[in-house]
Amino acid sequence: MSDAPKNPVRDAILALTAARGAGKTIAPEDAARAVSPENFVRVMKDVRAEAIRLHKAGTVSIYRKGQPVENPDTFKGVYRLGLPAA
């Protein structure tokens, strides 16, 4: 059995982006709703924080207006999540 702590937000982002496939994106709200359908608004901040960590690791890309963000620490506004471009 693994001692690594479970991270439902990370798991949701990774599962949804993988299911969507290359060249497609998900809304952050999709991941938040997967974690907590009733209280997804409370999870949105966690989704953003985890998305930034995954973006920095190169696992997931954060997109604004169809383009990957250059600096995940300073982007603002509506964003989407997807697999990194090959």
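A: Happy to! Let's look at H3, whose buried residues are Phe40, Val43, Val47, Glu50, Ala51, Ile52, Leu54 and His55. Buried here means under 20% relative accessible area, with exposed over 50% and partly exposed in between (1.4 Å probe, protein chains only). Before going further, please note that this is a predicted model: local features need pLDDT of at least 70, side-chain atom pairs count only at pLDDT 80 or more, and totals for chains, interfaces and linings use all residues. Residues are numbered from 1 along each chain as its sequence is written, and side-chain values use heavy atoms, leaving out hydrogens and water.

Helices (H or I, at least four residues) and strands (E, at least two) are DSSP runs, numbered from the N terminus. With 18 residues, H3 reaches 25 Å from its first C-alpha to its last, close to the 26 Å expected at 1.5 Å a residue; that expected span is 1.5 Å times one less than the number of residues. H3 also has a kink of about 25°, centred on Asp46, where the bend is the angle between axes fitted to the seven residues ending at a residue and the seven starting there. Just after H3 comes Gly58, with a positive phi of about 85°.

Now for the packing. The buried residues of H3 pack against H1, H2, strand E2 (61–64) and E4, contact meaning heavy atoms within 4.5 Å. H3 lies across E2 and E4, and runs at about 115° to E2; axes are lines fitted to C-alpha atoms, for helices over the stretch in contact, and angles run from 0 to 180 degrees between N-to-C directions.

E2 and E4 belong to an open sheet of four strands in the order E1-E4-E2-E3, with antiparallel pairing. Two strands pair if DSSP finds at least two bridges between them. E1 and strand E3 (67–68) are the edge strands, each pairing on one side only.

On the helical side, H2 (residues 28–35) has Pro28, Ala31 and Ala32 buried. They cover an arc of only 100° around the axis, which puts them on the same side of H2; the arc is that of the directions from the helix axis to the C-beta atoms. H3 is among the elements that the buried residues of H2 pack against. Glu29, also in H2, counts as partly exposed because its relative accessibility is 33%. Leaving aside neighbours within four places in sequence, Glu29 is in contact with Phe40 and Met44. The C-alpha atoms of Glu29 and Val43 are separated by 8.7 Å, 14 residues apart along the chain.
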